[in-house]
Amino acid sequence: TARTIGIVAYDGVEIIDLTGPMEVFAFANIGFMRSGIAREPVYRFRVLSRKASLITASCGLHIQPDADYADYRESIDTLIVPGSPDVDSILADRHLIDWVAAQYHGVRRLVSICTGAFLLAEAGLLDGRCATSHWAYCDRLAADYPAVKVEADRIFLRDGSICTSGGITSGIDLALALLEEDCGREAALLVARYMVVFLRRPGGQSQFSAYLASEAT
């Protein structure tokens, strides 16, 4: 049976936060079927938004979700919460925050990409946990949610069933780690090669911050 990857979508979402992890699992489907490892897709996807309405990503791209998350009743294996450059818009979406909080015990893994961690934190799901977010927002995350143990330099990390990742493309790194967890190292390496990315990215987020790099120097 294919594992269902649920992905939340909302106006202002960062498109790579949404599509990056999705592509990892999609390429796994392609690679497994082409190589004969599987006859059918291993993963299936459900993009969920409020009222299943057309949403506009931060880059202007329009996305038509599959279903209204409030009415969605099928099981979700891994729920992915992407971020947005506009954190305040995430925090203002009380319907989404409450829905994600309600999903916590029903999913095997709850994943945030980039500033999606703010939604999890606002829902109280990160209290007492280690978490990360985009390096440029980690100070705010730590200040606004002192119960969260923020690790600003991490590309991604896992604390129990909750996984958080750093800025934007780090969602791909996290998705590869989740794929490796599900299907093994060779499968994750196959997808990483296909996508022309590191299976294990060297270093942490600080290497991508000119400010932090100059501080280190």
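## The sheet

Two strands are said to pair if DSSP finds at least two bridges between them. Strands of a sheet pair through backbone hydrogen bonds, in either a parallel or an antiparallel way.

The model is predicted, so local features need pLDDT of at least 70 and side-chain atom pairs count only at pLDDT 80 or more, while totals for chains, interfaces and linings use all residues. Residues are numbered from 1 along each chain as its sequence is written, and side-chain values use heavy atoms, with hydrogens and water left out.

Strand 1 (residues 3–8) and strand 6 (residues 78–81) run parallel and are joined by three bridges, with Ile-5 standing opposite Thr-78 of strand 6. Helices, for their part, are DSSP runs of H or I with at least four residues.

## Strand 11 and its two partners

Strand 11 pairs with strand 7 in the parallel sense over three bridges, and in this pairing Val-111 stands opposite Cys-163. With strand 10, by contrast, strand 11 runs antiparallel and is joined by four bridges, and Asp-159 stands opposite Ile-162. The hairpin of strand 10 and strand 11 has two residues between the strands, and within this hairpin Gly-160 takes a positive phi near 70°.

Along strand 11, Ile-162 and Thr-164 point one way while Cys-163 and Ser-165 point the other way, and all are buried; buried means under 20% relative accessible area, exposed over 50%, and partly exposed in between, with a 1.4 Å probe and protein chains only. Thr-164, which lies in strand 11 (residues 162–165), has a relative accessible area of 1%. Leaving aside its neighbours within four places in sequence, Thr-164 is in contact with Ser-112, Leu-126, Ala-131, Thr-132, Phe-156, Leu-157 and Leu-174. Val-148, 16 residues from Thr-164 in sequence, is 12 Å away in space, C-alpha to C-alpha.

## Helices 6 and 7

Two packed helices are described by the angle between their axes and the distance between the axes. For helix 6 (residues 170–183) and helix 7 (residues 185–195), the angle is about 145° and the axes are 7 Å apart. The residues that meet are Ile-172, Leu-176, Leu-179, Glu-180 and Cys-183 from helix 6, and Arg-185, Ala-187, Ala-188, Val-191, Ala-192 and Met-195 from helix 7. By class, this contact of helix 6 with helix 7 has nine nonpolar, no polar and two charged residues, where Ala, Val, Leu, Ile, Met, Phe, Trp, Tyr, Cys and Pro count as nonpolar, Asp, Glu, Lys and Arg as charged, and the others, Gly among them, as polar.

Ala-177 also has its place in helix 6, and at 21% relative accessibility Ala-177 counts as partly exposed. The C-alpha atoms of Ala-177 and Ala-188, which are eleven residues apart along the chain, are separated by 7.4 Å.

Most residues other than glycine have a negative phi. Lys-51, in the loop between strand 2 and strand 3 (55–56), has a positive phi near 65° and counts as exposed at 63% relative accessibility. Val-196, found in the loop between helix 7 and helix 8 (210–216), has a positive phi near 55° and is likewise exposed, at 72% relative accessibility.

## Cysteines

The structure holds zero disulfides, a disulfide being a pair of cysteine sulfur atoms within 2.5 Å. For Cys-59, the closest cysteine sulfur is that of Cys-114, at 14 Å, which is too far for a bond; Cys-59 is exposed, with a relative accessible area of 52%. For Cys-130, the closest cysteine sulfur belongs to Cys-138, at 12 Å, which is again too far for a bond, and Cys-130 is partly exposed, with a relative accessible area of 25%.

Key:
Axes fitted to C-alpha atoms, helices over the stretch in contact; angles between N-to-C directions. Contact = heavy atoms within 4.5 Å.
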